[in-house]
Amino acid sequence: MENKYGRLYNFSAGPAVLPVEVLEEARDDMLNYKNSGMSVMEMSHRSKTYDNIIKTAEKDLRELMNIPDNYKVLFLQGGAHLQFSMVPINLLKNGVADYIVTGQWAKKAYVEAQKYGKINKIATSEDKTFSYIPDCSDLNISDNADYVYICENNTIYGTKFHTLPNTKGKVLVSDMSSCFLSEPIDVTKYGLIYAGVQKNVGPAGVQIVIIREDLIREDLPEWCPTMLKYKTHADNDSLYNTPPAYGIYICGLVFKWLKKNGGLEKMKELNEKKAKILYDFLDNSKLFKGTVEKNSRSLMNIPFVTGNEELDKKFIEEAKKEGLLQLKGHRTVGGMRASIYNAMPIEGVQKLVEFMSKFEKENL
């Protein structure tokens with residue numbers, strides 16, 4: 001992909017890079033969407049025009065992910081943080097859930113869920129700063145667990161579940177925020193999937209929830225707010241109240257872009273190619289070092305360090321001058337982090353590695 005409009009390479013973990021083609025289409029539609037005489041930003045969410053936008057977005061997402069008919073697709077607000085509450089409120093029947101804690105977001109979800117029931121931490125990688133995914137092939141799953149929870153790709157720490165945990169028949173819930181639509185998945189292996197779109201799909205403000213219909217309950221506690229019931233949104237096709245209308249429109253454009261560019265199989269192929277370029281360099285570098293165990297590496301988020309904080313700062317500052325932005329790592333890991341989501345062109349990763357090679361020669 002050509003680097004157009006003087007755009008620089010944005011390695012931010014989120015809000016993150018969007019496809020240039022999508023931004024161009026949104027630009028062209030900005031003042032007058034499809035001869036409607038107005039922008040999507042100005043449009044009633046009850047209008048026929050917008051109804052077509054949101055229904056088409058759902059249809060395209062279902063096709064991309066091969067989502068079965070017995071799963072509802074919800075476009076919500078509140079981000080992953082709200083799902084930390086909505087999941088236990090809606091799914092706890094026996095009042096018990098098992099959590100696998102492999103990063104900061106899974107840890108926050110685990111802490112939040114404790115407000116609503118008996119929440120067990122059945123596996124964690126905290127002992128090594130979340131630098132690996134623990135063996136989840138034979139976990140001590142609670143007999144009466146309503147669900148087992150994972151954060152599938154850990155944005156901060158750069159780890160990924162490459163094999164789903166053996167839940168021993170219990171419902172699997174997955175926060176896919178930073179790997180959503182990066183590769184094909186079998187939706188039927190999950191009871192509920194959710195993802196903040198600001199990493200791989202669209203602008204911040206939209207949360208996508210894919211939930212199996214039998215998990216949508218009517219018998220929730222009286223104290224449960226109307227807006228925190230999945231049933232409220234499922235019964236109203238995500239239009240119970242004003243949705244994040246423009247963000248959903250952008251997501252819909254991204255879904256079409258994905259379909260046009262070969263779907264999720266092609267995305268996986270390209271993402272593996274991009275990640276390999278950076279990981280191969282890190283594995284052979286005398287200055288830079290990856291922070292994640294090899295069998296747990298993410299294709300989306302790649303943290304690395306020099307081992308010297310001052311040198312890390314120098315690298316980040318000099319990278320900015322080369323048009324390589326948002327490479328500072330999270331404070332809990334330090335160093336650098338390159339997030340290389342679907343919309344990051346391979347040229348961006350190549351340029352990053354070229355600069356890393358140059359920096360290494362000048363600073364060893």
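## Starting with contact

Two residues are in contact here when they have heavy atoms within 4.5 Å of each other. Keep that in mind as we look around this structure, which is a predicted model.

Take Ile210. Setting aside its neighbours within four places in sequence, Ile210 is in contact with Met65, Ile67, Tyr71, Lys72, Val73, Phe180, Val187, Gly191, Leu192 and Ile193.

## The sheet

So what does the sheet look like? Seven strands make up an open sheet, and reading across you get E2-E10-E9-E8-E5-E3-E4, with mixed pairing. At the edges sit strand E2 (71–76) and strand E4 (118–124), each of which pairs on one side only. Going from one strand to the next, the twist averages 15°.

Let's walk through some of the pairs. E2 and strand E10 (residues 207–212) run antiparallel and are joined by six bridges; Leu74, for example, has Val209 in E10 as its bridge partner. E3 and E5, on the other hand, pair in the parallel sense over two bridges, and there Tyr99 stands opposite Tyr149 in E5. E5 and E8 also pair in the parallel sense, over four bridges, with Cys151 standing opposite Asp175 in E8.

## A strand covered on both faces

In a regular strand, side chains alternate between the two faces of the sheet.

Helix H3 (residues 79–91) lies across a whole set of strands: E2, strand E3 (96–101), strand E5 (148–151), strand E8 (172–175), strand E9 (192–196) and E10. H3 runs at about 160° to E9.

Helix H1 (residues 20–29) has its own buried residues, namely Val20, Val22, Glu24, Ala26 and Asp29. H6 is among the things that cover them.

In soluble globular proteins, nonpolar side chains tend to be buried together. In this model, the largest nonpolar core has 59 residues, and the members touching the most others are Phe180, Ile208, Ile210 and Phe255. Which helix gives the most to this core? That would be helix H6 (residues 245–260), with eleven residues.

There is also a second, separate core of 34 residues, including Leu74, Leu76, Tyr147 and Ile211.

Technical notes. Residues are numbered from 1 along each chain as its sequence is written. This is a predicted model: local features need pLDDT of at least 70, side-chain atom pairs count only at pLDDT 80 or more; totals for chains, interfaces and linings use all residues. Side-chain values use heavy atoms; hydrogens and water are left out. Two strands pair if DSSP finds at least two bridges between them. Axes are lines fitted to C-alpha atoms, for helices over the stretch in contact, and angles run from 0 to 180 degrees between N-to-C directions. A nonpolar core is a set of buried Ala, Val, Leu, Ile, Met, Phe, Trp, Tyr and Cys residues joined through side-chain atoms within 4.5 Å. Buried means under 20% relative accessible area, exposed over 50%, partly exposed in between (1.4 Å probe, protein chains only).
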